Amino acid sequence: MSILIKPIITEKATNDSELFNRYSFVVDTRANKLEIKEAVEKAYGVSISSVRTLNYPIQRNTKFTKKGLVTGIKSGYKKAIVQVAEGESIDFYNNL
């Protein structure tokens with residue numbers, strides 16, 4: 001089971017990483033905080049001080065168009081915000 005799916009690189013997440021040393025990841029929905037902590041420490045070689053998780057539900061929407069009733073769905077996911085110890089950082093762009 002791969003716990004870390006991908007890092008979240010948005011304007012808000014980048015600002016969080018620069019100011020507060022917090023990094024965001026999309027993780028497996030079945031992973032708990034201890035597993036997330038171990039996976040990030042193993043993958044990036046940093047020490048983690050705290051982990052916060054958020055579960056985003058499935059989003060369904062319905063539109064009335066010329067074709068008729070059109071339904072759409074966005075899958076749910078779990079997001080982890082990881083606080084890295086003081087003086088350490090994660091570089092997402094070094095392997096490009």
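Which residue takes a positive phi just after H2? Gly45 does, at about 65°. The views below come from a predicted model, in which local features need pLDDT of at least 70, side-chain atom pairs count only at pLDDT 80 or more, and totals for chains, interfaces and linings use all residues. Residues are numbered from 1 along each chain as its sequence is written, and side-chain values use heavy atoms, with hydrogens and water left out.

**View 1. Helix H2 from end to end.** H2 covers residues 33-44; helices (H or I, at least four residues) and strands (E, at least two) are DSSP runs, numbered from the N terminus. Its 12 residues reach 16 Å from first C-alpha to last, close to the 16 Å expected at 1.5 Å a residue (that is, 1.5 Å times one less than the number of residues). At the start of H2, look for a side-chain oxygen of Asn32 within 3.3 Å of the backbone nitrogen of Leu34.

**View 2. The two sides of H2.** Ile36, Ala39 and Val40 are buried (under 20% relative accessible area; exposed is over 50%, partly exposed in between, with a 1.4 Å probe and protein chains only). Seen down the axis of H2, the buried residues fall within an arc of 95°, so they line one face (the arc uses directions from the helix axis to the C-beta atoms). The face turned away carries exposed Leu34, Glu38 and Lys42.

**View 3. Strand E6 and its partners.** In E6, 6 of the 8 residues are buried, so the strand is largely enclosed by the rest of the structure. E2 and E6 run antiparallel, joined by 6 bridges (pairing needs at least two DSSP bridges), and Tyr23 stands opposite Val82. E3 also pairs with E6 in the antiparallel sense, over 8 bridges; here Ser50 has Gln83 as its bridge partner.

Conventions: A polar contact is a pair of N or O atoms within 3.5 Å; within protein, one must be able to donate a hydrogen and the other to accept it, and residues adjacent in sequence count only if both atoms are side-chain atoms.
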